[in-house]
Amino acid sequence: MKYIKLGDLEVSRIGLGAMSMSHAYTGAGSDDAESIRTIHRALDLGVTLIDTAEVYGPFINEELVGRALKGRRENVVLATKFGFMSHTGREGVDSSAANIRIAVEGSLKRLDTDFIDLYYQHRVDPDTPIEETVGTMAELVAEGKVRHIGLSEAGVDTVRRAHAVHKIAALQSEYSLWTRDPEAETLPVLRDLGIGFVPYSPLGHGFLTGQIRSTDDFADTDWRKNNPRFTGENFQRNLRLADEVKAVADEVGATPAQVALAWLLAQGHDIAPIPGTKRVQRVEENIAADGIVLTAEQINKLDNLPAAAGDHHDEAGMRLLGR
């Protein structure tokens, strides 16, 4: 496994997103023992970056990660997030100082740790100036409860203002072969400021693996069931995009998931995607992408894939991005 820097924080250049072990997808949380084995296998293969959030479950994903890391906390870069949940009675995203204080104590307890390596604001709170939010997070750094600060899905102006208050180690936003939004403005600003980038959903919520050919098997609780890219004509159009990724994978002698991850890794040495899975076999497959080198021709072919049809979140979710 190769390692990169997110700001001053060294991490494996492929991390592990734990969300799907407890939240959001069909079958989530069905086998905690297998999920813990998956985390252990990732660590054995050199992964250091483990990503969770209080809202996943809610709460149970942090508890699961805490159990998995018992006795193995050393050398793990543990990331979690606050803000989607309000502990103060407010509606919507809550990044008030009072909420952050309550949230961090809860996360520390559930994760069974004395400190969080990378603490993210999960979404920007329009009712709390980012300077105030980061100021509170900086206090947590000074107190030793948090070591590095991150933002998620923040707009470039917000990133600049936040970074002026306290160094931001990483921005976490969706980025993959079917979500290219960060390329135009976000990545150049991050590189100008020395901030790392953590793409979530680097496999397009599983779509880029080529394994999803129908949504009929999705449970009603699976959020993809109503995602614009997984419905109607958009779904059929996007199947053609997945087929193009598979064609390159066949050339390489790899899986589509590995090619999608290898393409992301080729975008820079300041990018650490966090593909999510709850299965040992999948984590082994994903981590093997670290050893795949695509040719310039293959990268160019992937660069020129058609844009995915449909927004990558529903209307309410899109309103929370880029603020």
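Mentor: Helices (H or I, at least four residues) and strands (E, at least two) are DSSP runs, numbered from the N terminus. This is a predicted model in which local features need pLDDT of at least 70, side-chain atom pairs count only at pLDDT 80 or more, and totals for chains, interfaces and linings use all residues. Residues are numbered from 1 along each chain as its sequence is written, and side-chain values use heavy atoms, without hydrogens and water.

Trainee: OK, how many helices and strands in the protein chain?

Mentor: The protein chain has 11 helices and 9 strands, and its C-alpha trace spans about 50 × 40 × 40 Å along the principal axes.

Trainee: And what share of the residues is buried?

Mentor: Of the 323 residues in the protein chain, 57% are buried, where buried means under 20% relative accessible area, exposed over 50%, and partly exposed in between (1.4 Å probe, protein chains only).

Trainee: Let's look at H6. Which residues are buried there?

Mentor: In H6, which runs over residues 186-193, the buried ones are Thr186, Leu187, Val189 and Leu190. They lie on the same side of H6, because they cover an arc of only 160° around the axis, taken from the directions from the helix axis to the C-beta atoms.

Trainee: What do the buried residues of H6 pack against?

Mentor: They pack against helix H5 (156-165), strand E8 (168-174) and strand E9 (196-200), with contact meaning heavy atoms within 4.5 Å. Just after H6 comes Gly194, which takes a positive phi of about 75°.

Trainee: Which non-glycine has a positive phi of about 55°?

Mentor: One is Glu153, with a positive phi of about 55°, in the loop between strand E7 (146-152) and H5; Glu153 counts as buried because its relative accessibility is 8%. His205 also has a positive phi, near 55°, and sits in the loop between E9 and helix H7 (232-252); at 7% relative accessibility, His205 counts as buried.

Trainee: New topic: where is the place of Pro58?

Mentor: Pro58 is found in the loop between E4 and H2, and the peptide bond joining Gly57 to Pro58 is cis, with omega about 0°.

Trainee: Then H2 itself, which residues are buried?

Mentor: In H2, residues 60-68, the buried ones are Asn61, Glu62, Leu64, Val65, Gly66 and Ala68. Those buried residues pack against helix H1 (32-44), strand E4 (49-51), strand E5 (77-82) and helix H3 (97-111).

Trainee: Last one: what percentage of contacts between residues at least 6 apart joins residues at least 24 apart?

Mentor: In the protein chain, that share of the contacts between residues at least 6 apart in sequence comes to 74%.
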